[in-house]
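Q: Could you walk me through how to read the features of a protein model? I would like the general idea each time, and then the case at hand.

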Amino acid sequence: MWMKNHVGHNPPPYSPKTYSGDRFSTQPDPVFYAYFIDGEIAGVNSYYEVNQDECRSRGLYVYPEFRNEGIAIKLLRFAINQNIDKKYRFIWSMPRDSARRSYEQAGFKITTGPFDMGVYINYKCRYDYET
């Protein structure tokens, strides 16, 4: 597993800024994880701190040729373990229906029924750290 935080690197292949209508807004600094197989990126995930109690897992993706090998679960569990020492109460996410099972197998609990985000059916879920 490889972890990279983009802060201080130039030029990053991604940006903490997102375009919203007619202006840019700054997003929290994300941390990216990549899972490699034979030197090739098989999947990625990112997270960012929302506040002192929570962080959000976002951007989970496994390339089609590497799916159904448990890589998504490994990426999610890696994020859970990497954030233990930060004293978050929980990590949350909004996985697509197609990724819901991976989140559940990684220890996340689904907290809503399905809802339509306009493109995909999503759920809300969270992983609670023991307090």
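A: Happy to! Let us start with secondary structure: helices (H or I, at least four residues) and strands (E, at least two) are DSSP runs, numbered from the N terminus. Tyr-61, for example, lies in strand β6. This is a predicted model, so local features need pLDDT of at least 70 and side-chain atom pairs count only at pLDDT 80 or more, while totals for chains, interfaces and linings use all residues. Residues are numbered from 1 along each chain as its sequence is written, and side-chain values use heavy atoms, leaving out hydrogens and water.

Q: How many helices and strands does the protein chain have?
A: There are 2 helices and 11 strands. From the N terminus, the order is β-β-β-β-β-β-α-β-α-β-β-β-β.

Q: Is Tyr-61 buried, exposed or partly exposed?
A: Buried means under 20% relative accessible area, exposed over 50%, and partly exposed in between (1.4 Å probe, protein chains only). Tyr-61, with 37%, is partly exposed. Across the 131 residues of the protein chain, 34% are buried.

Q: Which residues touch the most other members of the largest nonpolar core?
A: In soluble globular proteins, nonpolar side chains tend to be buried together. A nonpolar core here is a set of buried Ala, Val, Leu, Ile, Met, Phe, Trp, Tyr and Cys residues joined through side-chain atoms within 4.5 Å. In the largest one, which has 24 residues, Ile-71, Tyr-103 and Phe-108 touch the most other members. Helix α1 (71–82) is among the elements giving two or more residues, and its 7 residues are the largest share.

Q: What about cysteines: how many disulfides does the rule give?
A: A disulfide is a covalent bond between the sulfur atoms of two cysteines. The rule looks for a pair of cysteine sulfur atoms within 2.5 Å, and the count is 0. Cys-55 is buried at 0% relative accessibility, and Cys-125 is buried at 2%.

Q: Where do Asp-53 and Arg-89 lie?
A: They form a salt bridge (3.6 Å, N to O), that is, a side-chain nitrogen of Lys or Arg within 4 Å of a carboxyl oxygen of Asp or Glu. Asp-53 sits in the loop between β5 and β6 and Arg-89 in the loop between α1 and β7, so the pair ties together parts 36 residues apart in sequence.

Q: Which residues are linked in a network of salt bridges?
A: Asp-97, Arg-100 and Glu-104 are. Arg-100 and Glu-104 are 4 residues apart in helix α2, so about one helical turn separates them.
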